[in-house]
Amino acid sequence: MKKVLRSLIFVLVLLTAVCAAIPVFAASFPTKPVLAVVPFSPGGGNDIVIRLVAKYMTPALGQSLVVENKPGAGGQIGWTALAKARPDGYTIGATSQPSMVLVKVLRQNVPFDLNDFKYICNFQIDPLVWVVNKDSKFKKASDVVEYAKKNPGKLNVAGDGPQSNVQLQHLVNSKALKMESNFVSYSGSGPALTALMGNQVDLALTTLSSAVSHIEAGRIVPLVMFYDDKIDGVDIKPSKEVFKMDIPSAGTAMRGVAAPKNTKPEDIAVLEKAFEEVTKNPEFREQAKSLGLIIKFIGSKESGKLVEESKKIVEEYKPLF
């Protein structure tokens with residue numbers, strides 16, 4: 001009887017040990033929803049694309065992606081919060097280059113460093129375009145350059161700024177094309193385009209996503225896109241083709257996500273794979289297209305290099321700001 005009892009006790013102890021071990025081996029990241037911090041207000045470009053991604057994330061990640069807006073100081077507040085978050089993979093944040101780089105390089109006492117993050121991926125690009133009023137005297141991009149050279153300091157170019165990705169591209173354009181013009185800063189692409197349509201300025205430099213509805217309605221006309229290559233579905237000639245020269249597309253908005261720098265590599269890999277899977281989803285791509293969003297996936301390694309390249313360009317043009 002004692003032998004049977006000892007055997008039962010042994011079996012119970014063994015089963016208890018096995019049951020206790022199961023959660024350790026069975027649990028894998030993520031086991032709960034992941035929080036995505038958006039350092040801008042609801043309704044902006046970064047907010048729109050991350051919420052669209054979140055809509056399709058659960059099947060890819062096995063958990064939902066919960067979006068939380070932490071706007072303020074051009075993204076500085078949200079990115080600071082992300083840099084200081086627990087690096088457990090459950091808090092990530094929306095990134096936007098070169099805006100993140102501009103905040104760090106052009107300001108003093110910014111409480112985060114660019115290496116405080118592990119860049120997971122980028123999944124959307126938003127190139128900048130020159131657009132004019134439908135009744136403008138400028139019919140081609142070369143007309144703009146010719147006028148600016150003959151009338152230095154008289155061409156007024158509206159854009160989102162100051163110290164924005166739009167102003168960065170304006171400075172790059174001015175140097176490459178050897179033209180002198182006035183950058184007229186507005187609080188956003190919307191007000192800049194309104195000024196253009198009201199004939200308050202000669203030209204606007206804006207993101208394609210902001211301009212597309214006005215272009216389709218015939219209110220404004222695109223002259224050139226400051227991006228290296230043609231983009232499927234976009235019938236605007238790239239700057240290299242128009243000007244027969246390489247003009248860095250430094251102001252192109254590159255949107256994605258990052259995590260605090262000490263997040264485990266294996267968790268970063270899981271997140272990267274999930275975001276890539278979402279970008280390949282046909283339904284997601286169709287909805288993104290309907291919103292004027294250009295989807296282009298770039299992985300973790302390439303996203304890190306993108307930040308380094310962006311920093312070099314911003315440092316080069318910093319004195320001109």
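Predicted model: local features only at pLDDT ≥ 70, side-chain atom pairs only at ≥ 80, totals over all residues.
Strands of a sheet pair through backbone hydrogen bonds, in either a parallel or an antiparallel way. The sheet described here is open and has 6 strands. Their order is β2-β1-β3-β10-β4-β11, and the pairing is mixed. The edges are formed by β2 (65–69) and β11 (294–298). Each of these two strands has a single partner, so one side of each is left without a neighbour in the sheet. On average, neighbouring strands are turned by 30° against each other when direction is ignored.

Strand β1 (residues 34–38) and strand β3 (residues 91–97) run parallel and are joined by 3 bridges. In this part of the sheet, A36 stands opposite I92 of β3.

## Helices on the sheet

Helix α4 (residues 76–83) packs on the sheet and touches β1, β3, β4 (117–126) and β10 (253–260). The direction of α4 makes about 140° with that of β3.

Helix α11 also packs on the sheet, where its contacts are with β2, β3, β4, β10 and β11. The direction of α11 makes about 10° with that of β4.

## D267 in helix α11

Helix α11 spans residues 265–279 and includes D267. Is D267 buried or exposed? Its relative accessibility is 9%, and the cut-off for buried is under 20%, so D267 counts as buried.

With neighbours within four places in sequence left aside, D267 is in contact with F29 and D88. Y186 is 81 residues from D267 in sequence, and the two are 40 Å apart in space, C-alpha to C-alpha.

## The α7 and α13 pair

Two packed helices are described by the angle between their axes and the distance between the axes. For helix α7 (residues 165–177) and helix α13 (residues 300–317), the angle is about 70° and the axes are 11 Å apart. Angles of 65 to 115 degrees count as roughly perpendicular, and α7 and α13 are therefore roughly perpendicular to each other. The crossing of α7 past α13 is left-handed.

Which residues make the contact? From α7 they are L168, L171, V172 and K175; from α13 they are I313, V314, E316 and Y317. By class, the residues of this contact comprise 6 nonpolar, no polar and 2 charged.

Conventions:
Residues numbered from 1 in each chain as written. Heavy atoms only, no water. Helix = DSSP H or I, 4+ residues; strand = E, 2+ residues; numbered from the N terminus. Buried < 20%, exposed > 50% of the residue type's maximum accessible area, 1.4 Å probe, protein only. Contact = heavy atoms within 4.5 Å. Axes fitted to C-alpha atoms, helices over the stretch in contact; angles between N-to-C directions. Parallel < 35°, antiparallel > 145°, perpendicular 65-115°, else oblique. Left-handed = near helix turned anticlockwise from the far one by under 90°. Nonpolar A, V, L, I, M, F, W, Y, C, P; charged D, E, K, R; others polar. Pairing = 2+ DSSP bridges.
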